[in-house]
Each structure stands twice: as C-alpha cells, then as structure tokens.
Amino acid sequence: MDDRTAGEYWNDRYRESTRIWSGNPNVELVKEVSGLTPGTALDLGSGEGGDAIWLAKQGWRVTAVDVSAVALERAERHAVEAGVAGQIDWQQHELGKSFPEGTFDLVSAQFLHSTVELPREEILRTAAGAVAPGGILLIEGHLDWPDSLRHTDHPDVHFPTPDEVISDLSLDDGRWEILVSRAHDREQIVDGETLTRRDSTVKARRLPG
Ligand SMILES: C[S@@+](CC[C@H](N)C(=O)[O-])C[C@H]1O[C@@H](n2cnc3c(N)ncnc32)[C@H](O)[C@@H]1O
C-alpha cells in the first residue's frame, strides 16, 4: 500500500511526464454541459485543466481545485496559453480536508479517483451541498480498472455503480431531480493503444427555490 500523502503521490505522478491527460475536455462533460447557460462552475480534481479551460471558453467562471501543485501550475499555464486565465480561479485543496467556499451553478467531478486515500463519497456529498438552487451536479467515474492496471499493486478500490453514487449522495428527497444515471463504454487511447473503458455518469439538478 502506497503511504505517500495525496499531494506527494499526485505531484510525483504529474512529474512523470510533461502531459499526462490529452488536454481535451472529457467527452461526457461536453455532452452534458453544452446545453446549459454558463454561470459559475466548480471543477473538482481539475488535473491539467482540460475541463476548466473548456468551460471557461464556453463562458463559465470556473473555480478549479486539485491537490497537486504541479498539476495546478501546469493547468494555469495552459489557461494563459488558451487566453482564459482571467476566468479561472485555481485553488489547491486536499478535498476531504478542505473545500472551496460558496455555491456554484455547476459542480463537476470528472474521474475523481485516486490510488491513495480519497474519501470520495464524503467529498461528493459536500459537492452536492455546493450546488446552487437550479444548479447541476455532474459526476463521471470509472467502473473498472483498465487491463493494464488491473493486476498491479492497487488497493481494493470499489467503483460504485450510478445507483450507488446516487444513494451515497444522500440527496434530500424532493429537492433534486436525477437527470442522468447510466453506465457506458468509452474509448481511451493509452500509449497509442485504443482501450475500451466502462464508466458511469450521474447528473442531478437541485430544484430551484
Ligand atoms: C484521475 S485524475 C482526473 C483529472 C481530471 N479530472 C481529468 O478528468 O482529466 C484525478 C485528479 O484528482 C486529483 N486529486 C486526487 N485526490 C485529491 C484530493 N484529495 N483533493 C483534490 N484533488 C485530488 C489528482 O491530483 C488528479 O488531478
């Protein structure tokens, strides 16, 4: 079991390469957010900034959070290059220990997973509490490891089904509308090889008022 802190682990991970993720926004984020009127958005586990930068380009004012200073510094540089630096507030938090202030029209958690300790259910409940009335909570997660990682030394991570994600959120009855709850396949290119991953999408709206 890896005993590095979340910050140490993810800084080491990001230092392995100058770019880990594609730089493109996540496909399901684009699909689920494209029809929404831009407002304020919170991106949890923003990594190298692909989603935050795409949201900013659509007119959202974004608060982007990650535990890794290396990722945040890299993401901030990409935002400057993309001409949207003024629309994104980058904040370093170890979610589970601290959380950004305020409420947001969109709260997005895209693949907020970790091979070191991450109180994901608790963080997602806090995330639901940060959705403004009428706002959207969007949670994208894996449902399994890719074959390349399945047999390596990872802790026993349980990937929750969409129904389990919703149940773990403990949403107030009658105050939320579940808009999307589905498992789906997604193609991912890793080291030039196309893999099919099984993912889950949960999209919920806090009712206005
Ligand atoms: C699998 S990556 C996903 C990155 C990005 N959302 C994407 O889809 O490309 C998980 C991200 O969550 C961040 N993370 C992990 N644990 C965290 C924590 N406790 N608080 C804040 N960020 C965390 C990592 O640094 C990493 O950038």
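Colleague: Where is S170 found, in terms of helices and strands?

Modeller: S170 is found in the loop between α7 (162-169) and β6 (176-190). Helices (H or I, at least four residues) and strands (E, at least two) are DSSP runs, numbered from the N terminus. This is a predicted model, where local features need pLDDT of at least 70 and side-chain atom pairs count only at pLDDT 80 or more, while totals for chains, interfaces and linings use all residues. Residues are numbered from 1 along each chain as its sequence is written, and side-chain values use heavy atoms, with hydrogens and water left out.

Colleague: What is the phi of S170?

Modeller: Positive, about 50°, although S170 is not a glycine. Most residues other than glycine have a negative phi.

Colleague: And what about F111, what is its phi?

Modeller: Near 55°, again a positive value in a residue other than glycine. F111 is in the loop between β4 (104-110) and α5 (120-129).

Colleague: Is F111 buried or exposed?

Modeller: F111 is buried, with a relative accessible area of 18%. Buried means under 20% relative accessible area, exposed over 50%, partly exposed in between (1.4 Å probe, protein chains only).

Colleague: Switching to the ligand. Which residues come nearest?

Modeller: Y14, G45, D66, L95 and Q110, out of 16 residues around the ligand. To be near, a residue needs a heavy atom within 4 Å. The shell divides into eight nonpolar, six polar and two charged residues. Here Ala, Val, Leu, Ile, Met, Phe, Trp, Tyr, Cys and Pro count as nonpolar, Asp, Glu, Lys and Arg as charged, and the others, Gly among them, as polar.

Colleague: Which ligand atom lies 2.5 Å from a polar side-chain atom of Y14?

Modeller: An oxygen atom. D66 also has a polar side-chain atom 2.5 Å from a ligand oxygen. L95 uses a polar backbone atom, 2.8 Å from a ligand nitrogen. The ligand taken alone exposes 590 Å², and the protein buries 93% of that. Those areas come from the Shrake-Rupley method with a 1.4 Å probe.

Colleague: Back to the strands. How do β4 and β5 pair?

Modeller: In the parallel sense, over six bridges. Strands pair if DSSP finds at least two bridges between them. A109 has I139 in β5 as its bridge partner.

Colleague: How many residues of β5 are buried?

Modeller: 10 of its 12, over residues 131-142.

Colleague: What does UniProt place at residues 42-135?

Modeller: The feature "domain: Methyltransferase", from an unreviewed entry. UniProt annotations may be inferred rather than shown by experiment. Over residues 42-135 the chain is 34% helix and 28% strand, with the end C-alpha atoms 11 Å apart.

Methods:
Polar contact = N/O pair within 3.5 Å; in protein donor to acceptor, adjacent residues only side chain to side chain.
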